[in-house]
Amino acid sequence: QKELRTITAVNAQLADPHAQLGSIALEDGAYDEAIEELTKAVQLDAQYADAWAALGTAYSEAGKFAEAKDAFTSCIEADPNNAVCRNNVAIVGRKEKLLEPALKDVKESLSGQKTAPSEYQLARTYKEKGLRNEEQRAYFRCLKYDQKFAQCHYGLYEIFQEDRREKDAVAACKNFLKFADQAEFKREFETCERYVSSQTY
């Protein structure tokens, strides 16, 4: 670190020493320092993909997901084939949505109830936000509280069917048909009957 700071003092226009100082600070958990140094690095070299990636990680660790998403997006602009940055854009995007005040309030309110209906309601809220992983986990929690809660079986069917997990989708549909009230869930009942029939033959 001492040598790197000497280099930056002698030539303030070099991006690499700032990037290395930022990476060291990131490893040490000094996120504010990491952000400061890595920001200097990308200001000096906007095409420095690794520095953008490290900056995104520093922001993410600091809980600043909007800034992290911007950094990972800049990383992709500098290096379109950077798979790590592409993956992290999606990850921090989900984390950013989970921090939305309204969603946070709903999550805290419903999760605390520990009932199948509350988990189903939470799952549908996640679905509206496009938070697929969180939606699926809520359905599983729902069925842990009540294995016969038909709507959660149908929710899992929708996810499995979209993911082309046919065996899982058929199992979810069969469970839905087993526990659902046909009169109450006529459209869903017909959908599952057709799907199970199509996968059977």
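Which hand, left or right, does the crossing of H2 and H3 have?

What we have here is a predicted model, in which local features need pLDDT of at least 70 and side-chain atom pairs count only at pLDDT 80 or more, while totals for chains, interfaces and linings use all residues. Residues are numbered from 1 along each chain as its sequence is written, and side-chain values use heavy atoms, with hydrogens and water left out.

Let me begin with the helices, which, like strands, are DSSP runs numbered from the N terminus (H or I, at least four residues, for helices; E, at least two, for strands). Two packed helices are described by the angle between their axes and the distance between the axes. Here the axes are lines fitted to C-alpha atoms, for helices over the stretch in contact, and the angles run from 0 to 180 degrees between N-to-C directions.

Helix H2 (residues 15-27) and helix H3 (residues 31-44) have axes that come within 7 Å and cross at roughly 160°. That angle makes H2 roughly antiparallel to H3, given that angles over 145 degrees count as roughly antiparallel, those under 35 as roughly parallel, 65 to 115 as roughly perpendicular and the rest as oblique. As for my opening question, the crossing of H2 and H3 is left-handed, a term used if the near helix is turned anticlockwise from the far one by less than a right angle, with right-handed used if clockwise. On the H2 side the contact (heavy atoms within 4.5 Å) includes His18, Leu21 and Leu26, and on the H3 side Tyr31, Glu37 and Leu44 are among the residues taking part. Sorted by class, the contact of H2 with H3 has 10 nonpolar, three polar and three charged residues, where Ala, Val, Leu, Ile, Met, Phe, Trp, Tyr, Cys and Pro count as nonpolar, Asp, Glu, Lys and Arg as charged, and the others, Gly among them, as polar.

His18 counts as buried at 9% relative accessibility, since buried means under 20% relative accessible area, exposed over 50%, and partly exposed in between (1.4 Å probe, protein chains only). If we leave aside neighbours within four places in sequence, His18 is in contact with Thr8, Ala12, Glu37, Leu38, Lys40, Ala41 and Leu44. Thr8, for its part, is found in helix H1 (residues 2-10) and counts as buried at 14% relative accessibility. Apart from residues up to four places away in sequence, Thr8 touches Pro17, His18 and Leu21.

Next come helix H4 (residues 49-61) and helix H5 (residues 65-78), whose axes come within 8 Å and cross at roughly 165°. H4 is therefore roughly antiparallel to H5, and H4 passes H5 in a left-handed crossing. Among the contact residues are Trp52, Leu55 and Tyr59 of H4, together with Phe65, Phe72 and Cys75 of H5. By class, this contact of H4 with H5 has 11 nonpolar, four polar and one charged residues.

Now for the aromatic rings. Rings of Phe, Tyr and Trp (its six-membered ring) pair if their centres lie within 6.5 Å, and planes under 30 degrees apart count as stacked, over 60 as edge-to-face and the rest as tilted. By this rule the count comes to seven aromatic pairs. In one of them, the rings of Phe176 and Phe185 have centres 6.1 Å apart and planes at 65°, so this pair is edge-to-face. Phe176 is buried, with a relative accessible area of 1%, and Phe185 also counts as buried, at 13%. Phe176 and Phe189 form a tilted pair, 6.3 Å centre to centre with 55° between the planes. This second pair links distant parts of the chain, with Phe176 in helix H11 (residues 166-179) and Phe189 in helix H12 (residues 186-200), 13 residues apart. Ring pairs link Tyr154, Tyr157, Phe176, Phe185, Phe189 and Tyr195 into a cluster.

What does Ala169 touch, not counting residues up to four places away in sequence? Ala169, which is found in helix H11 and counts as buried at 0% relative accessibility, touches Tyr157, Phe160, Gln161 and Tyr195.

I will end with two exposed residues. Arg164 is found in the loop between helix H10 (150-162) and H11, counts as exposed at 68% relative accessibility, and has a phi near 60°, a positive value in a residue other than glycine. Arg194 lies in helix H12 and is exposed, with a relative accessible area of 54%.
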